[in-house]
Amino acid sequence: MSATWVADVLGEGFEALTLPLGADEEGEVVATVVRHLPAPRRFWQRPRLLENVDVLYVHGWSDYFFHRRLARFWTDRGARFFALDLRKYGRSLREWQTPGYVTDLATYDEDIRAALDARGDSAERRLILLGHSTGGLVLSLWASRHPDEVAALVLNSPWLEFQLSAVARTALSPMVELRARWRPLDKIRITDHGFYSRAVEEAADPEDPVSIDADWRPASGFPVYAGWLDAILGGHNAVAKGLGITAPVCVMLSARSTLPVRWSDDLTRSDTVLYVEDVARASLRLGRTVTVERLDGALHDVFLSRPAVRRDAYTRLDRWIRGFAASSD
């Protein structure tokens, strides 16, 4: 097991560190943090916007970190960028493990703490949390429990509400909880035709390709288990009650959702994973200062959308960051 930073699969400028986390019922558990650091500033250059900022990214369900250009967006502005592959995902997934499986999202507190500790000297640095989908839910819950550690929260299509609405979540939660208590590894039948993965491929920019490992990010996702779904619904229930996050929050979402029952080009210009109207409403329960950015034509991961939409997403994020930096002076 690596105890030092080593070259990462993303290539030049990216390094990875394995974080030992002990063992659970399946055996040894690790997380992995990937870092990308800004180029040193020359003595004649002006200070960059985010020179005293660290960013920690957490991926979504059936996912891992592969966003080179997202990392470079932050380091170009002077921030140190760190991305966490949670236990049983991506770089951290071992052959004896059930992919992505936990029964309590608070389990990831250990992963997040290990990643933050791995940054080294961070006493005078502000922390921005950056989460996609399930990672957005995980980081929102963590930020609510650690208010003094978070300067800002940026969420890319966070999974804050169950797809079948709050009414369905309320009705479903007790049944899932009972099933999780007695048979946590029961599989929940979910139909996934791989349309989202196909949409990402269709929207890709040939001049700036993104390489995705199909073993770490399978086209039809990981199996869904009762114990894991119970943990997700517990997170949604907490959001519904209000998290009281004191740091400013920026939520980035597609302007609309499309139900992926059959393939069409429309799936390349909308969120086919979440119902964005429900997520937008749930976002307002995160804290007292929440900005919601809606992007016409965006995919579930707004930073994997078609080039013009992706540029719009980065432009809006840059504008929000500049406001955050100005308010923090």
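So, Arg 91 is buried, with a relative accessible area of 10%; buried here means under 20%, exposed over 50%, and partly exposed in between, using a 1.4 Å probe and protein chains only. Its salt-bridge partner is Asp 85, at 2.9 Å from N to O, and Asp 85 is buried too, at 0%. By salt bridge I mean a side-chain nitrogen of Lys or Arg within 4 Å of a carboxyl oxygen of Asp or Glu.

Quick caveat: this is a predicted model, where local features need pLDDT of at least 70 and side-chain atom pairs count only at pLDDT 80 or more, while totals for chains, interfaces and linings use all residues. Residues are numbered from 1 along each chain as its sequence is written, and side-chain values use heavy atoms, leaving out hydrogens and water.

Okay, how many salt bridges are there in the whole structure? The search finds 28. Take Asp 265 and Arg 306, at 3.3 Å, N to O. Asp 265 sits in the loop between E10 and H7, and Arg 306 in the loop between strand E11 (290-295) and H8, so this pair ties together parts 41 residues apart in sequence. Helices and strands, by the way, are DSSP runs (H or I, at least four residues; E, at least two), numbered from the N terminus. Asp 265 is partly exposed, at 41%.

There's also a network: Asp 54, Arg 80, Arg 119 and Arg 125 are joined by salt bridges that share partners. Within that, Arg 125 and Asp 54 have their closest N and O atoms 2.7 Å apart. Asp 54 is buried at 0%, whereas Arg 125 is partly exposed at 22%.
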